[in-house]
Amino acid sequence: MSAAVQPAGDAPVTVPLLELRGISKEFPGVRALDDVSFAVWPGEVHMLLGENGAGKSSLMKVLCGADSADSGEFYHKGDKVRVSSTADAQKLGIAVIFQEFSLVPYLDIGQNIFLGREPSGRIPGTIDRRRILRDARRILDSIGFNIDPSILVEKLGVAQQQMVEIAKAISQNARILVMDEPTAALSDRETELLFALIARLKADGVAIIYISHRMAEVFALGDRITVLRDGRRIDELRPADASPDQLVRMMVGRTVDMSYPRHFAETPGKVLLEVRRLAAASGISDIDLEVRAGEIVGLCGLAGSGRTEVVRAIFGADKVTAGEIIFDGQQTSGGPDQAARRGIALIPENRKSEGLAPLRSVADNLVVSALRKLFPSHLFDPRRAQRVADGLVKQLRIATPTSRQMVGLLSGGNQQKVVIGKWLATGAKLFIFDEPTRGIDVGAKSEIFALIDRLVADGAAALMISSEQAEICHVCDRAYVMREGRIAGQLSRSELTEENIVRLGMHHA
Amino acid sequence: MREAITSLPGNPLQRIPGVAVTLVLLVAVFGSVAPGFLSPANITNVLVQSTVLMMLALPMTLIIMTEGLDLSMGAVLTFTSLVVAIVSLATGSMLLGLGAAILAGAVFGTVNGWLVATLGIPPFVATLGTLGTAQGLSLIISDGQSVVGIPHSVRDIYSATVAGVPVPVVIALVSYAAFHILLYHTRFGTYIFALGGNREALKYAGLASNRLLIAVYATGGMMAGVAGLLMTARMNSGHPTAGLGLEFDAIAAVAVGGTSFERGNGWLFGTALGVIAVGVLRNGLNLMALPSSIQVASVGLLVIVALFFDGLRSRS
């Protein structure tokens, strides 16, 4: 570990500015961080690399004191310290710039920068707003951001808010700056400004921890790279000693249970869904894809790449601005109710809030979407509803004492089956799954996949979003990979590997 | 990044808030149809009558800015005005009456804040509960009767003037100034914007948002105490239904004034204009001898009209 980067004009640095040793953090059912050790030296950019769910966010929360680790130690300039609150972290000069900003919309830029640290005014009890503006202007100037600090944050674009966040961190005299995908919302010009700022901070001896999904950035900015996977530190290396392919290989290979069955059809059926040059107000564009009967098609990409937006547009939940959606030979338009009536089912990621009425019974939830079909006379027949629900409970093997049980009391896997059953009752032909196995334990996962497999074997089609690339590779016939609101490429069954998915989903150097 | 800033909405016509348009329209309409509306005596009357509402609408603005609501304000005002009457009657002291009323209001406000902040009960439900409690307690302490025979020192508050300005108006102006300083020039006020706009930001700044929230509701209770004095002075008695429905007028004034119920977007001067608009409306309808049931309906209509202008503005 030769300290190649030294702060200018100082004696050689022999201890890291901040070091974490053996950090572990467990959430119910998930080992978010497992014995992670990690160090930053002054004046260097330390890149943190990993897939969705690799533990980057958990590590950030521990770093800034928002979450405390179950075990492990912090060392600041070689001294052991405790970080159990955000105040502790601030005292050590740690500042985090989250992706969701910590800004108040109807305060001005200056007030936001000094929130909680307002200088007192001459009249006791008041704050000195003129001084806030003056100091804010000085800080904004120092990071090359030319803006009037009396403008409300509400009026700013995302990139400008990002700069205010950075100014806020600088104003706290941060010596360790954590940035979470800071360029995700920036244009090229703004990115250049940010990189210039990072260079200046480095020269000042600030240590920067930088989370990125973009290979080009990793190699352009990084002095050191740490790769995380499954909450574990896989390796720490220097950019000069690494290649993009090598990093990708380190990131993939998450341990996932592969025992779920899949019966691939010899020849896929007719095209059920065809999407042509689709664009939507939510920020996706040029989406071309098709799904055939009997197929499970994967839709992958990093979180925020536009996967959910694509399925929302297909389902009519977001406004489509261009292109066409052809379902079952007919061009579709209109809202979710239209899509549902034509036979498109969306099984959302947040089952509890979007897919189920958790306080109602299993039976109520199973028939609610099919009321129009089951009772064309508009009169509700409880016995018929009960019969249909009981049939679905048996067919889907939903583990519940009776169909009168409250849905909220079932396990995650069984709740998911109820959501699927609800759409089955309507006679849906295309099932769109958004993260179908999130929050479901391993045993139930294979049951869900067996169920999806049976659905498509019976002539339905499935489009599946998943961040679990191993799952996609295992169950899908084909997959589309998204990047920044567009389809970056398509992978056939034989090309479908985790490495290929990650390669397509990331910016390559 | 500069370009984006210079492209802010610059058309000054678009910046005229709905409440100002509404107020001008109201004055113009009543000035031409309501007899005696524009006479100096009546204008003074409108202002004096608006002072009780101002006492409630100022803190209501802060509460709504935290994405909250206080439905109990009218009932708490009833209670505090009875406290003023009973205490001043027993002690002969206006100031003791006022002090007791502020204290009683503060207790109700703190309870509201505690229910909302600490127990996490939705403000609508929590303050509906205290509304019932305050109303019931008012009936108990007054035995359902008006409290009469209160000292002159209380009644004089309403009729006295300072340099020709009626004392209630002076109290309202001082209160407005105090709230302006509080909201725009103190830490507490700054954090009120964050309570509604982004509570996480307070957490990362190491501030206890629960305590701030309780303080906001407590402020509302204390102002209901001050309003209680004005109310008792105006009626020359304590009455067990004195504040009935005033929370509706207060919320209406805040909404008319352009404060949003979301994200901490508040405007104190708008609230002041909203209070006067409500006062002008009620006074004008009175002069035209229309029944009070019409007044309630028109205040509701006023909210819709003002928000309509704001909606037009933000869409264009």
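Let's start in chain B, where the axes of helix α11 (residues 187-197) and helix α13 come within 10 Å and cross at roughly 105°. The two are therefore roughly perpendicular, a label for angles of 65 to 115 degrees. Axes here are lines fitted to C-alpha atoms over the stretch in contact, with angles running from 0 to 180 degrees between N-to-C directions, and helices are DSSP runs (H or I) of at least four residues, numbered from the N terminus. B:Phe188, B:Tyr191, B:Ile192 and B:Leu195 of α11(B) meet B:Ser209, B:Leu212, B:Leu213, B:Ala215 and B:Val216 of α13(B), contact meaning C-beta atoms, placed from the backbone, within 7 Å.

This is a predicted model, in which local features need pLDDT of at least 70, side-chain atom pairs count only at pLDDT 80 or more, and totals for chains, interfaces and linings use all residues. Residues are numbered from 1 along each chain as its sequence is written, while chains are lettered from A and ligands numbered from 1 in the order in which they are written.

Now to a residue in chain A. A:Ile109 lies in helix α3 (residues 109-113) of chain A. A:Ile109 is buried, with 30 other C-beta atoms within 10 Å; the cut-off for buried is 20 or more. Beyond its neighbours within four places in sequence, A:Ile109 is in contact with A:Ala136, A:Ile147, A:Pro149, A:Ile151, A:Val153 and A:Val164. The C-alpha atoms of A:Ile109 and A:Glu154 are 9.3 Å apart, although 45 residues separate them along the chain.

Terms used
Parallel < 35°, antiparallel > 145°, perpendicular 65-115°, else oblique. Contact = placed C-beta atoms within 7 Å. Buried ≥ 20, exposed ≤ 12 C-beta atoms within 10 Å, placed from the backbone.
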